[in-house]
Amino acid sequence: MGRKEKMAERVHELMYNTDKIRNIGIAAHIDHGKCVAPEAKITLANGEEKTAKELFEEIKKEGEEKETGPTSQAPGKAYAPEKTVKLQSYNPKMEEIEEKEITRAWKMEKTEPLVQIKTETGQEIKTTPEHLFLFKEDDVYKFKRSDNLKEGEKIISTQKIEEDGKPEETEIVEIKRTEKEDYVYDFTVPRLHNFICEDLVIHNTTLSDNLIYGAGLMSGELAGEELVMDTMEEEQERGITIESANISMVYEYDDDEYLVNLIDTPGHVDFGGEVTRAMRAVDGCVIVVGAVEGVMPQTETVVRQALEEKVKPVLYINKVDRLITELQVDEKELKKRLMDTIKEVNQLVRNYAPNKELAEEWKMTVENGSVAFGSALYNWGISKPYMEKTGITFKDIYEYLKNENQEELAEKTPVYRVVLDMVAKHLPNPKESQKYRIPEIWKGDPESHEGKIMKECDKDGDLIMLVTDLQKDPHVGQVATARIYSGTVREGQKVRLLNSHVDAKIQQAGIAMESGRKQLEDIPAGNIAALTGIGDAFSGETVSEIDMVPFESIEHHSDPVVTKSIEPKDPKELPKLIEAMRETEKEDPTIQEDINEETGEYRISGQGELHLEVTEEKISKHKGVECSTSQPIVVYRETTTRESQEVKPKTPNRHNQFVIQVKPLEEGIAEAIQEGEITPDIKDKKELAKKLREHGMDKKQSKNVWSIKGDNMLINDSKGVQYLNETKDLVVQAFEEAMDEGPLAREKISRVKLLIKDASLHEDAVHRGPAQVIPTLKKGIKAAILTGKPKLLEPKKKIYIDTPQDFVGEVSKDIRNRRGKVENIKQKGRTAEVEAKVPVAETFGFSNDIRSLTQGKALWSQEYHGYEPLPKSLQKEKIQEIRQRKGLKEGVPDPNELI
């Protein structure tokens, strides 16, 4: 039996031992650190050399684009090769060069000066400062950052290989910083984490890589076998391409084996939807916070997303070494900074926990071992239990870092063991978590048959699953990642897609492994499966063998705020483009596609520039439709700021008349909708009415809500009107269509409630049909809004900038020039955090400008902040600009023209 089969066999056995399953997410992105300049020559497996730029462009040409989120400071592109691409990698343990497959090719903007190194043998290379070079000390291989190297030091060169296979060392004769180059390139090589470039070893590692590496150190028959996760190629069967960060692996803790189903999540703000969907699939998560940056806006977002899904967190504070090597803090200050970060994260838990008991129970502390810290880059981690196990003290840690001896520290306290021990001990198994998670994420009766089998994680019960992610594979079609809450999924099983109202048949069931997908005969409740055969599913779809209340929809915490028009380069491919857009929207619900039937314009909207760029590339490369797009356009909203007159629209046949009024929606209710507390999915009218009253709505109106569309409401505020209930469906349809196009500039309407005050309706339904009621009410709603005080709302983002204090003035000036407002400036040692609120329309080009202003020394992040009124001085100009772009008549219509 090959290694892959042995691994899959052990995974399959553990799947049926629910106590030993840990479904976890890694909720942060770890920076890449092995980026090289475009002209750097990389050695391929066949000995051929190609520049980094050439190799990236070749992979990009036929490869599949992957969502990157490489950090908000370094936006870029990443591609998975369509065909196998291998390069040379060095195995220090075996002291030999190996052929390794590239799983990702990266192109990222350079954010700081590169380090240029020249050796005595003529090798010359430019890399990012955090890139690691291999050297040898006391016959032991070690790594050092390029910005810590000095002239006269020696690094490993593979230019000449000695007879015993060991490479020689070459002396550094020149080292300097260089501003040249706009982009850098990286190539992901699993397991060894390095590639040979200019005959030097380009090395890096990350937290999720470290955890996967830990799965290779197993007891029993596989103990000591190398590269368990990097299985023998001749034994691999063709698998389905899924994200390499979605993986199932085995880990040993306290003489027990655990099945860890790991989902890595992107850290870029544009891909917050990916985090939200991942949280629905897992039971626990590792919150990763940078030691220097501390709690950032994205940290708060991640903690909120986890707690709203009742996902238990543990904390890993990363890049601790930077506090000493860069900020040069002493031992006392180091401890204080770490404790301050822990306090801040726990405050977020208190803020967002569903109740006080859970906030206290899930508090993360050094004492109980639910907090660890270390450096994923240098492969070490530490926690109190590991200190007790190894005898290493906090003072020892400080001395190791002060003396730049992190390599020895990594040998004594490897980060994968520290973090996976914490996962095994502190994060719940599926049977534990589903008892309290099911009532939170499923709105059916917890004591019903389906409620009970899900709470019990019953593998023998009816099959119930939730789709959390979709990927398109060119060989087998759509692959769905699904969390199984009850029952056991098997190939050939017939299921029902409850939201899509479609019957389907499971074609293949499998798990994600590092080399692709491994097909299994069955996968029981409590696990995460990769499935084919349910092509009509979308992210958030409930898949079941029985009729039941579907899972509550997955709530996303930001609206699409940037849009582009899109069209195929070949007009004949228009039907293919429409299908690709619909598939994309199913795979990523934070993308919205829209077809304007009047103008024939096709549009896509997303969370930001990067989000749309990635989506465009998906459509062009992955979906096979070459397309062109417009410049990004900001999405506005329309609202009314005071109650309108009572408007009385009549149907064209003069047999029906409505009396309607539009008012601003209560602020508390609008916020509750935005936060997902009030949703259209609430079926219990009493529960809805109670929530509305709690947030400021009067008793009568709260009982008569007919529809919730976005953050708008339709309310029947009339008394005893004949035939109104029979006409309700048409009224609802008219309201929902009207909310998509406001009267000012045909932007969506926000934060209004429409009141049906009275009506006079014909007794014969023939005379109050769709053609009469719907257009009449739509025009009447627009007229009512115009008689109030309508305004455009613009989207805004909160921006947080960590910058050396010398640049605070320039940063603040740039914010003000973008119509932004600096809301707070916090001193953080030698740096300052500038907190600002900026209109999305003014953020284009912000990344390059802020780097230029701060000489590349600033770190910044952003988060969606909702809509606020556009300044009065810009209202008229912006309305006319949008109307002109959409081909509408000049000037806002008069209310009398509409009724």
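Which residues touch the most other members of the largest nonpolar core? I looked this up in a predicted model. The core holds 80 residues, and those with the most contacts to other members are Leu315, Val320, Leu334, Phe373 and Trp380. I then checked which helix gives the most to this core: it is helix 12, residues 415-426, with eight residues.

Next I took Leu334 by itself. Leaving out residues up to four places away in sequence, I found Leu334 touching Val320, Leu323, Ile324, Val329, Phe394 and Tyr398. Leu334 also belongs to the contact between helix 7 and helix 10. On the helix 7 side I listed Glu331, Leu334, Lys335 and Leu338; they meet Phe394, Lys395 and Tyr398 of helix 10.

For the geometry of this pair, I read that the axes of helix 7 (residues 331-352) and helix 10 (residues 394-402) come within 11 Å and cross at roughly 110°. Angles of 65 to 115 degrees count as roughly perpendicular, so helix 7 is roughly perpendicular to helix 10.

Strand 42 (residues 712-716) pairs with strand 44 (residues 752-760) in the parallel sense, over four bridges. For Ile715, I found Leu755 as the bridge partner in strand 44.

Methods:
Residues numbered from 1 in each chain as written. Predicted model: local features only at pLDDT ≥ 70, side-chain atom pairs only at ≥ 80, totals over all residues. Heavy atoms only, no water. Pairing = 2+ DSSP bridges. Helix = DSSP H or I, 4+ residues; strand = E, 2+ residues; numbered from the N terminus. Core = buried A, V, L, I, M, F, W, Y, C linked by side-chain atoms within 4.5 Å. Buried < 20%, exposed > 50% of the residue type's maximum accessible area, 1.4 Å probe, protein only. Contact = heavy atoms within 4.5 Å. Axes fitted to C-alpha atoms, helices over the stretch in contact; angles between N-to-C directions. Parallel < 35°, antiparallel > 145°, perpendicular 65-115°, else oblique.
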